[in-house]
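The structure comes first, then the points by topic.

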Amino acid sequence: MGKGGSLSEGVLKKIVLSYTYVAIWIFLSFTVIVYNKYILDKKMYDWPFPISLTMIHMGFCASLAFLLIRVFKVVEPVSMSRDLYLSSVVPIGALYSLSLWLSNSAYIYLSVSFIQMLKALMPVAVYSIGVSLRKESFKTETMVNMLSISFGVAIAAYGEAKFDAWGVVLQLGAVAFEATRLVLIQILLTSKGISLNPITSLYYVAPCCFVFLLVPWIFVEYPILMATSSFHFDFAIFGTNSLCAFALNLAVFLLVGKTSALTMNVAGVVKDWLLIAFSWSVIKDTVTPINLFGYGLAFIGVGYYNHSKLQALKAKEVQKKAAQADEEAGTLLEKREIDGLVKKNESEA
């Protein structure tokens, strides 16, 4: 009983911890999205400066990451040459800055619920860009699934009560840039054996994002901010908002590191439905039956895609283990043959 009981306690503890990580990630992701909407929406806090908000996040995250790595030495920095930084991190930083800029801009024009529905197109964008860059192999079954997701999102868009074409363009642009960034991470970093956790990622990428955003900010938002003499920087609002954004990155590290990427995908689905419910019940955004029907179709397609990816990963893992077992068996057989020859030579001598 003691041994079995300890095993049960260990399993129970692991399950409780996994659900705790999921709950923390959902809470922080939910908070950051709603908080950004609150700050940027003209009917709420009324501070419609998405580039400035993104720069505040990047500056705050870069500073904290620097302190954690260089001062407190909580995480070891990754060895990275200047050429590697310029050829790999800088393009990823440029795409990340564009993705954050456009996605934050979309909150000014679209409801939280509709933005979550449009984000269902992320697997479509990642797969399409992966195929075009020869990182993914084209499969008719997968492409049909991608079309079903797109069809579901199109129905959701058709049923949107407060449809704004410019807002949709901004959000689709954000999805495209983010999908390209995810594919380039695999090509430029992962393939070279470089793995960045969220802290080291912010340490290298956040300053790069800040510099890229500085250029459009000078021409687009800086003149307006200077003309708005009544504006005073609210340290409580922007400080807590930036802290939530940084904490979210740490939560991603915990969730993926202690559970799995699939768990994060499932948690993401739960978070999206919670945001849609919150948007409808608290923010009072209009969510129509056609919205829900279209998103439901897209949700089924995304779920099937995640299931297919999981099965493919399991099959790949089985093949890898089988190859390792064959290699070990071959090595053992070779060793036995060598031992046999040695003994034969000794007996003949």
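A salt bridge is taken here as a side-chain nitrogen of Lys or Arg within 4 Å of a carboxyl oxygen of Asp or Glu. The model is predicted: local features need pLDDT of at least 70, side-chain atom pairs count only at pLDDT 80 or more, and totals for chains, interfaces and linings use all residues. Residues are numbered from 1 along each chain as its sequence is written, and side-chain values use heavy atoms, with hydrogens and water left out.

**Salt bridges**

- Four salt bridges are found in a search of the whole structure.
- One of them joins Lys37 and Asp41, whose closest N and O atoms are 2.8 Å apart; both residues are buried (under 20% relative accessible area; exposed is over 50%, partly exposed in between; 1.4 Å probe, protein chains only).
- Lys271 and Asp272 also meet in a salt bridge, at 3.3 Å from N to O, and both are buried.
- Lys309 pairs with Glu136, with 3.3 Å between the closest N and O atoms.
- This pair links distant parts of the chain, 173 residues apart: Lys309 is in helix H12 (residues 289–348), and Glu136 is in the loop between helix H5 (122–132) and helix H6 (140–158). Helices are DSSP runs of H or I with at least four residues, numbered from the N terminus.
- Lys309 counts as partly exposed because its relative accessible area is 35%; Glu136, at 25%, is also partly exposed.

**Nonpolar cores**

- A nonpolar core is a set of buried Ala, Val, Leu, Ile, Met, Phe, Trp, Tyr and Cys residues joined through side-chain atoms within 4.5 Å.
- The largest one has 47 residues, and Ile39, Trp47, Phe114 and Met117 have the most contacts inside it.
- Helix H1 (residues 2–40) gives the most to this core, with six residues.
- Another core, of 25 residues, lies apart from it and includes Cys61, Ile69, Leu95 and Ile199.

**Asn197 in its loop**

- Asn197 sits in the loop between helix H7 (165–189) and helix H8 (198–220).
- A polar atom of the Asn197 side chain lies 2.9 Å from the backbone nitrogen of Ile199.
- The backbone nitrogen of Thr200 is 3.0 Å from a polar atom of the Asn197 side chain.

**Surface around Val74**

- Val74 is in the loop between helix H2 (50–71) and helix H3 (82–109).
- Val74 counts as exposed because its relative accessible area is 55%.

Note on methods. Helix = DSSP H or I, 4+ residues; strand = E, 2+ residues; numbered from the N terminus. Polar contact = N/O pair within 3.5 Å; in protein donor to acceptor, adjacent residues only side chain to side chain.
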